[in-house]
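I record what I looked up, entry by entry.

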Amino acid sequence: MKIFLASLRMEKRSTGIYRVDFLLKVMYSIIAMYGVRSLWAALYAQDPSIVGRPLSSMITYAMLAVALDIIFYPSAMSTAPQNYISQQVRSGRIDTDLLRPVDLQRQLLARNGSAALFGALWLVMPAWALGVLLMGLELPPTLLHGTAFLVSGVLSFLILFSLNFMLGMVCFATTEIRQITMAYSGILTILSGKLIPNWLYPEWMQAVIEILPFRCVFETPLNIYTGAASRVDIVYSLLLQAAWAAVLFLLGKIMWLGVHKHLAVQGG
């Protein structure tokens with residue numbers, strides 16, 4: 001918790017120093033949300049039955065997908081776990097992370113968690129409020145859906161963090177993971193429901209997506225917020241997310257312990 005609070009103070013201090021950069025990020029949030037709204041409105045104008053959901057629901061889904069993406073990656077992509085680890089390994093500065101009293105996994109979780117919380121409060125909330133007032137973004141249908149969405153959002157972050165962290169562990173074997181990261185980002189974008197809702201894919205592809213954790217990152221919280229998930233679906237979805245979050249975090253821990261055990265840092 002101390003690491004998390006310290007990281008949160010650093011985020012606040014950084015915003016105070018780079019105010020123009022912060023304002024530009026807020027503007028980007030608003031413009032990006034308006035952009036996807038316009039895109040789906042244009043698609044519905046061509047064929048209203050193209051998605052199988054009301055336009056207002058799809059606009060809300062798409063705009064919130066942008067908001068979640070900004071929360072999960074509130075700062076430069078270099079702060080993502082896999083990119084940070086890759087930079088540290090290639091530069092040889094990974095030894096500084098090993099000397100700290102907290103293991104690397106918890107360090108990065110605190111750093112990325114504080115950045116995500118700060119992004120949610122100060123970048124996304126203004127854009128979300130403007131979307132509700134002016135751009136047709138709907139509120140959750142019930143208090144249950146709104147509360148479950150917040151819980152689901154936290155679990156989504158934990159799942160995504162663990163996936164990114166495990167990808168970062170690969171660089172200890174390969175050093176360079178740029179091409180792997182590009183492939184991973186493409187898979188995540190396609191299968192998570194961030195860009196295209198998964199129900200629009202063929203049935204065989206939906207069956208594959210069902211057994212993978214990617215849909216838990218975007219589609220699950222978005223379906224909860226828009227009211228597409230019933231109460232039973234909400235309970236099942238949250239339990240599934242919690243299971244994936246626990247399993248992936250444990251796998252990341254095992255990978256890190258294995259790497260740490262055989263890691264040798266040379267220099268002088």
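**Entry 1: Ser152**

I looked up the contacts of Ser152 (heavy atoms within 4.5 Å) and, leaving aside neighbours within four places in sequence, I found Thr220, Pro221, Ile224, Leu238 and Gln241. The model is predicted, so local features need pLDDT of at least 70 and side-chain atom pairs count only at pLDDT 80 or more, while totals for chains, interfaces and linings use all residues. Residues are numbered from 1 along each chain as its sequence is written, and side-chain values use heavy atoms, with hydrogens and water left out.

I located Ser152 in helix H7. Ser152 counts as buried because its relative accessibility is 0% (buried means under 20% relative accessible area, with a 1.4 Å probe and protein chains only). I also noted a polar contact of 2.7 Å between the side chains of Ser152 and Gln241.

**Entry 2: H7 and H8**

How do the axes of H7 and H8 cross? I found that the axes of H7 (residues 143-174) and H8 (residues 178-191) come within 11 Å and cross at roughly 160 degrees. H7 is therefore roughly antiparallel to H8 (angles over 145 degrees count as such). From H7, Leu160, Leu163, Asn164, Leu167 and Val170 make the contact, and from H8, Ile180, Thr181, Tyr184 and Leu188. I recorded 7 nonpolar, 2 polar and no charged residues there.

**Entry 3: Ser192**

I placed Ser192 in the loop between H8 and helix H9 (203-210). Ser192 is also buried, at 0% relative accessibility. Its side chain reaches the backbone oxygen of Leu188 at 2.5 Å.

How values were computed. Axes fitted to C-alpha atoms, helices over the stretch in contact; angles between N-to-C directions. Helix = DSSP H or I, 4+ residues; strand = E, 2+ residues; numbered from the N terminus. Parallel < 35°, antiparallel > 145°, perpendicular 65-115°, else oblique. Nonpolar A, V, L, I, M, F, W, Y, C, P; charged D, E, K, R; others polar. Buried < 20%, exposed > 50% of the residue type's maximum accessible area, 1.4 Å probe, protein only. Polar contact = N/O pair within 3.5 Å; in protein donor to acceptor, adjacent residues only side chain to side chain.
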